[in-house]
Amino acid sequence: MERLSVFEHILFETLMFGVENAVSSKSLACDFRTSRRRIAKTIHDMCRKGVPIVATRKGRYKGYFLARNRQEMAMYIKPLEAEYKEVMKRIRKLKSLREAEYQAILNEKKEQILKGINNNE
């Protein structure tokens, strides 16, 4: 594991093992008097350094926690993999749009906007 910054080390000490001890980014931000964005970025950086932090967004427990074991980590990796697959599908679809299709979508949207403006006058 790479060396943690002082803030990362303090955050690491705050997190507990197990999903039942998950803590939200809102709660962490409040405790550390910082933004949720900073908490998310710090956790992202810590994960890249090898800290086994996982998160859950659904169910009874929501938030960040330290994985107790490989099975617990694997259980929370599955939703990330599913999300990744969906994002990749969207990327492939966007990349596959032909210029004519893209232009048709833009023109249709432009007409809707103009129609809305004219109706408000």
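Predicted model: local features only at pLDDT ≥ 70, side-chain atom pairs only at ≥ 80, totals over all residues.
Residues are numbered from 1 along each chain as its sequence is written, and side-chain values use heavy atoms, with hydrogens and water left out.

**Exercise 1.** Work out how helices H1 and H3 are oriented to each other.

*Step 1.* Grab the angle and the distance: H1 (residues 6–14) and H3 (residues 36–48) pack at about 90 degrees, with their axes 10 Å apart.

*Step 2.* Check the cut-offs: under 35 degrees is roughly parallel, over 145 roughly antiparallel, 65 to 115 roughly perpendicular, and the rest oblique.

*Step 3.* H1 and H3 are therefore roughly perpendicular.

**Exercise 2.** Classify the aromatic pair of Phe-7 and Phe-32, then find out whether each residue is buried or partly exposed.

*Step 1.* Know the rule: rings of Phe, Tyr and Trp (its six-membered ring) pair if their centres lie within 6.5 Å; planes under 30 degrees apart are stacked, over 60 edge-to-face, and the rest tilted.

*Step 2.* Phe-7 and Phe-32 sit 5.3 Å centre to centre with 75 degrees between the planes, an edge-to-face pair.

*Step 3.* Now accessibility (buried is under 20% relative accessible area, exposed over 50%, partly exposed in between, with a 1.4 Å probe and protein chains only). Phe-7 has 16%, so Phe-7 is buried. Phe-32 has 22%, so Phe-32 is partly exposed.

Key
Axes fitted to C-alpha atoms, helices over the stretch in contact; angles between N-to-C directions. Helix = DSSP H or I, 4+ residues; strand = E, 2+ residues; numbered from the N terminus.
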